Amino acid sequence: MSTQIENQHPIGLINKQEDYKNLLTELICTAKKHGVTQTEASISHDTGFSVTVRNQEVETIEHNRNKSLGINVYFGRKKGSASTSDFSSQAIKSTFEAACHIARFTTEDPFNGLAESQFLEKTPSNLDLYHPWSIDPQNAIALSKECEANALALDNRLTFSEGVSLSTQEAIYIYANSNGFLAGYPSSLHNISCNLIAKDKMGMQRDGSFTINRNPDQLQSIEKLAKEAADNTVKRLSAKRILTCQIPVIYHAEIAPGLIRTFLEAISGGTLYRNASFLVDHIGKSVFAKRISIYEKPHLLSALGSAPFDDEGVRTSDRVLIDEGILCGYLLNSYSARKLGLQTTGNAGGFHNILLKTSQFKLNDLLKQMEKGLLVTEVMGQGINLVTGDYSRGAAGFWIENGEILFPVEEITIAGNLKDMYQNIVAIGNDINHKSTIQTGSILLENMMIAGMQNHQ
């Protein structure tokens, strides 16, 4: 592929903060003059690029520059929302008018409105989230090609590349409301992924690895990433199917966050007030095994899920979600909190850095403790029912006997009910996955149903 690569690396994105703050201040003042009861508005602006290389050819180069202004207006408890990516005076005026028009024709909702003033973050902390990368597309392509070449050279069974992608993004977010809140912060995010295909007489397998960080200096080295991707892919060769059975299971640290993410969805306000969760009315009740504690820590420096305030300007703070198995709190924004007769927890827009209490055990220790069972390294499909807790997903991984990996496994389904699964967690390893906003080690469950081949096959 031959293409003219233009270096569009952002210049001065961070310098736009003051302009954007002035724009939002003006908008809030305008709304007040027009008799709007309450107003909130936010600007998000991100810019960056990504490149993908496959078999030493440039497959894609994508530049992105997205900016949007969103506004919510309230006439009493009637709400109207509108947004625009055009920041000209006329476009902003039209967007404001559209929001007002919508609000006048909507039904009153007693739970609508801004977050109460006492919950707003008065002095946002600097959480060290902004580390721009000065790399240009040419160097990104060179780095990606080097990573791919390193990986493919490590084993002659690695026959093809599924692609190496490098992405760098930076963003600013500003939020203002008529309760006197005005603040914003810049952030950055960089990642490199390497995916490969390996082949032997039994067939082909694909796998890979990735590295992600807010600071480019903290990304894994190209050599280490290539080796990890190569190892992960080759290990999966000669995978077998197994018979249907009920056995202990370990969720590898790379996929364990998914198991916890489902719990977080089940304790989120919107799911709860719709009665669409198996954890409705579970505060103070046992949800996990007694040895499990789960924390939210929004202020970890440079972490992937850190934020000084939520999408409504509410201060974020350290919380205990699960204390020795007991559910201590939900994840709520202002609206869902009012619906449930509770207070906002600073989770408008989602959760921030979930940490699980881990043990002193390494993954190898967990394998020995399990003795015989399944180490799951990949799950597929969406077979989770949040209302009942029923869980069923396609999976792949490794069969374990005598605490050792015996062979790779494919084409199986793992099933259970989350209520039982969470209660049956035996241990959490100390092999913490820092590449996720949910930081946990590998999770050992007492047993699960594995659907594989029937005995007569």
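**Core, strands and open spaces**

Analyst: Leaving aside neighbours within four places in sequence, Tyr251 is in contact (heavy atoms within 4.5 Å) with Ala256, Leu259, Val376, Val379, Tyr391, Ile414, Met421, Ser442, Ile443, Leu445 and Met448. This is a predicted model, in which local features need pLDDT of at least 70 and side-chain atom pairs count only at pLDDT 80 or more, while totals for chains, interfaces and linings use all residues. Residues are numbered from 1 along each chain as its sequence is written, and side-chain values use heavy atoms, with hydrogens and water left out.

User: Is Ser336 buried or exposed?

Analyst: Ser336 lies in helix α7, which spans residues 334–339. Not counting residues up to four places away in sequence, Ser336 touches Gly269, Gly270 and Tyr273. Because its relative accessible area is 3%, Ser336 is classed as buried.

User: Why is β4 described as largely enclosed by the rest of the structure?

Analyst: The strand β4 (158–177) has 20 residues, and the description rests on how many of them are buried. It is largely enclosed because the number of buried residues is 15 of the 20.

User: How many bridges pair β4 with β5?

Analyst: Two strands pair if DSSP finds at least two bridges between them, and β4 also pairs with β1 in the antiparallel sense over 14 bridges, with Ser42 having Tyr175 in β4 as its bridge partner. Towards β5, Ala171 stands opposite Ser187, and the two strands form a hairpin with 4 residues between them, where Gly180 in the turn has a positive phi of about 95°. The pairing of β4 and β5 is antiparallel, and the number of bridges is 17.

User: Which residue in the hairpin of β13 and β14 takes a positive phi near 55°?

Analyst: The antiparallel strands β13 and β14 are joined by 11 bridges, and Gly397 stands opposite Val409 in β14. On another side of the pairing, 7 bridges join β12 to β13, which run antiparallel, and Met380 has Gly394 in β13 as its bridge partner. The hairpin of β13 and β14 has 2 residues between the strands, and the residue with the positive phi is Asn402.

User: What is the volume of the largest cavity?

Analyst: On a 1 Å grid over the protein atoms alone, a cavity is a set of points where a 1.4 Å probe fits but cannot get out, and lining residues have an atom within 4 Å of a point. A search of the whole structure finds 1 cavity of 30 Å³ or more, and its lining includes Gln205, Arg236, Thr377 and Glu410. Grid points are joined across faces, edges and corners, and a volume is the space filled by probe spheres set on the points; for the largest cavity the value is about 30 Å³.

User: Which element gives the most to the lining of the largest pocket?

Analyst: A pocket is an open set of points with protein on both sides within 12 Å along at least five of seven lines, and the largest pocket has a volume of about 1000 Å³. Of the 34 residues that line it, the closest to its centre are Gly208, Asn232, His252, Glu254 and Thr377. The element that gives the most to this lining, with 5 residues, is β6.

Terms used:
Buried < 20%, exposed > 50% of the residue type's maximum accessible area, 1.4 Å probe, protein only.
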